[in-house]
Amino acid sequence: MCKVNYNARPVADAIIVLGAAVWAGGPSPTLQRRARHAAALFHAGHAPLIVATGGLGLHPPTEAMAITEILISQNVPAKAIIQEGKSTTTLENLGFSRKLLGPETRTVIIVTDRTHAPRARLTARHLGFNATTMSPSLRGGHPRTILRQTIRELFAYPAYALRLWIRGRNADI
């Protein structure tokens, strides 16, 4: 189980775990880190519900199903997990989660990698969430992969900001 060491414990309506690749041999290390971190947050009492997001990539199962399997292996009750298994982008992850959770759900914790967190927060806030992010440690991650993710986000953040501004708050996902 991931070690969660926070001084102040945020209170949220839900934890949203953003999907990541499922490889031929099973969930990618990124997906495993995110799911285990979400389980640790759940067990620490940060939120009563977890939304597992992500559709089908190159290999089954869906990212949402893989996250769910990891959460259950970490003793998160199945009744505390909602699956969103259609999304393929950050906007879809959060937009479809918004629809599943309903407008009464305001405060969420998004679990994603530190490099991706600013764009995830931007997107969630655009969709009306009061969103914070909590990220698992990148320890054990391949330095080249982390560098590639960081460079990708340098370009993706302004592109997403422009995309969200153009589409407006009320546009459908």
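Select E153 and R119. Their side chains meet in a salt bridge, 2.7 Å from N to O. A salt bridge here is a side-chain nitrogen of Lys or Arg within 4 Å of a carboxyl oxygen of Asp or Glu. The pair links distant parts of the chain: E153 sits in helix α5 and R119 in helix α4, 34 residues apart. E153 counts as buried because its relative accessibility is 9%. R119 is buried too, with a relative accessible area of 3%. Buried means under 20% relative accessible area, exposed means over 50%, and partly exposed lies in between (1.4 Å probe, protein chains only).

A word on the model before moving on. This is a predicted model, in which local features need pLDDT of at least 70, side-chain atom pairs count only at pLDDT 80 or more, and totals for chains, interfaces and linings use all residues. Residues are numbered from 1 along each chain as its sequence is written, and side-chain values use heavy atoms, with hydrogens and water left out.

**Next stop: D113**

Select D113, R33 and R34. These residues are linked in a network of salt bridges. D113 to R34 is 3.5 Å, N to O. D113 lies in the loop between β6 and α4, while R34 belongs to helix α1, 79 residues apart. For D113 and R33, the closest N and O atoms are 3.9 Å apart. R33 is also in helix α1 (residues 29–43), 80 residues from D113. Is D113 buried or exposed? D113 is buried, with a relative accessible area of 1%. R34 counts as buried at 7%, and R33 is buried as well. A search of the whole structure finds three salt bridges.

**Into the core**

Now select I15, A38, I50, I67, L71 and V76. They have the most contacts inside the largest nonpolar core, which has 25 residues. Such a core is a set of buried Ala, Val, Leu, Ile, Met, Phe, Trp, Tyr and Cys residues joined through side-chain atoms within 4.5 Å. The elements giving two or more residues to this core are β1 (14–17), α1, β4 (50–53), α2 (63–73) and β6. Helix α1 supplies the largest share, six residues.

Centre on I67. Leaving aside neighbours within four places in sequence, I67 is in contact with V17, L18, G19, L31, A35, A52 and T53. Contact means heavy atoms within 4.5 Å.

Then select L49, L101, I110 and A124. They are included in a second, separate core of 17 residues.

**Out to the surface**

Select L147, I151, L154 and F155. Together they make a nonpolar surface patch of about 450 Å². Patches are made of residues with over 30% relative accessible area and no salt bridge; like charges are joined within 9 Å, and nonpolar side chains (Val, Leu, Ile, Met, Phe, Trp, Tyr) within 5 Å. L147 lies in helix α5 (residues 143–167) and is exposed, with a relative accessible area of 51%.

**Zoom out**

Show the whole chain as a cartoon. The protein has five helices and seven strands. Helices (H or I, at least four residues) and strands (E, at least two) are DSSP runs, numbered from the N terminus. From that end, the elements run β-β-β-α-β-α-β-α-β-α-β-α. The C-alpha atoms fill a box of roughly 40 × 40 × 35 Å along the principal axes. Buried residues make up 49% of the 173 residues. Among contacts between residues at least 6 apart in sequence, 72% join residues at least 24 apart.

Definitions and conventions:
Accessible areas come from the Shrake-Rupley method with a 1.4 Å probe; for residues, only the protein chains shown count as cover.
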